[in-house]
Each structure stands twice: as C-alpha cells, then as structure tokens.
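The following exercises concern one protein chain.

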Amino acid sequence: MVKTIIKCAVAVLCTVAICVTIFVCTGKSGETAPDYMTEAQAAEYLGVSAERLEIMRKNLKYLEGAYVSYSYEENGEVVTVYMYSKQALNDTMAELMDNEGRKNINFKYIEQIIKDQK
C-alpha cells in the first residue's frame with residue numbers, strides 16, 4: 001500500500017515537472033509573438049502618410065527605439081528597409097500624446113518640411 005502511494009506521488013510529480021518544463025520552454029500561455037510592420041504599414045496603422053512618418057523618424061527622431069533598419073544592395077542601389085515594432089510604436093506614441101510629457105509632435109514643422117521638399 002505504501003509503495004503504491006509513493007509510486008502515485010512520484011508519477012504526479014513527474015507529470016507536473018514535465019508540464020512546467022513545457023510551459024517554460026514554449027513561453028507563457030496567451031503571450032503572442034511581437035508584431036512587426038513595414039514603414040508603410042506603420043504609417044497606415046498610425047493614420048499618417050508614409051512621408052510624415054519618415055519625417056517623424058528621420059528629422060524629429062520621435063520614433064527612436066520603435067524600429068530597426070537594415071540595408072541591402074539591389075541593382076547597384078542601396079535600399080534601406082525600416083521595420084517597426086507595434087508595441088514599441090504604441091509605447092512611443094502614448095508617450096508623445098501624454099499631456100504631461102516633455103515631447104510633443106510639431107505638426108507645423110512636419111508640414112513645412114513637406115512643403116519645402118516639393
């Protein structure tokens with residue numbers, strides 16, 4: 001009788017150990033993989049044009065940390081691609097839209113840059 005109880009307890013502990021190992025190795029349940037977007041997709045997601053998003057990224061440096069870039073050569077030209085993290089983009093925009101934040105979006109400057117480029 002004691003051996004049967006010990007065998008059952010060991011079996012339960014082994015099953016729990018396997019379940020915990022699977023849970024830890026595969027990640028937390030309900031956790032989704034990061035969502036990444038191209039610059040055009042990020043602009044659409046934010047409701048701005050790709051041109052305005054580029055100015056926010058390039059000239060104003062508002063989006064630092066929300067994207068990564070990589071370059072490659074195609075037909076003798078260097079092509080740079082920007083990939084945005086949806087979560088980092090959300091966090092950055094929430095910070096910019098916070099009333100108490102030190103940063104704010106200077107739309108007048110953005111429109112002036114676009115006007116000067118034409």
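A residue is called buried when its relative accessible area is under 20%, exposed when it is over 50%, and partly exposed in between. By this rule, buried residues make up 21% of the 118 residues in the chain of this predicted model.

**Exercise 1.** Determine which residues of helix H4 are buried and how they are arranged around the helix axis.

Solution. Step 1: helix H4 covers residues 86-97 and has twelve residues. Step 2: its buried residues are Ala88, Leu89, Thr92, Met93 and Leu96. Step 3: viewed down the axis of H4, these buried residues fall within an arc of 130 degrees, so they line one face of the helix. Step 4: they pack against strand S1, helix H2, helix H3 and strand S3.

**Exercise 2.** Explain what the salt bridge between Glu39 and Arg57 ties together, and state whether the two residues are buried or exposed.

Solution. Step 1: the closest N and O atoms of Glu39 and Arg57 are 2.9 Å apart, and a salt bridge requires a distance within 4 Å. Step 2: Glu39 lies in helix H2 and Arg57 in helix H3, so the pair ties together parts that are 18 residues apart in sequence. Step 3: both Glu39 and Arg57 are buried.

**Exercise 3.** Locate the partners of the salt bridge between Asp35 and Lys86.

Solution. Step 1: their side chains meet at 3.7 Å, N to O. Step 2: Asp35 is in the loop between helix H1 and S1, whereas Lys86 is in helix H4, 51 residues apart. Step 3: Asp35, at 40% relative accessibility, counts as partly exposed, and Lys86, at 27%, also counts as partly exposed.

Notes. Residues numbered from 1 in each chain as written. Predicted model: local features only at pLDDT ≥ 70, side-chain atom pairs only at ≥ 80, totals over all residues. Heavy atoms only, no water. Buried < 20%, exposed > 50% of the residue type's maximum accessible area, 1.4 Å probe, protein only. Helix = DSSP H or I, 4+ residues; strand = E, 2+ residues; numbered from the N terminus. Expected span 1.5 Å × (residues − 1). Arc of directions from axis to C-beta. Contact = heavy atoms within 4.5 Å.
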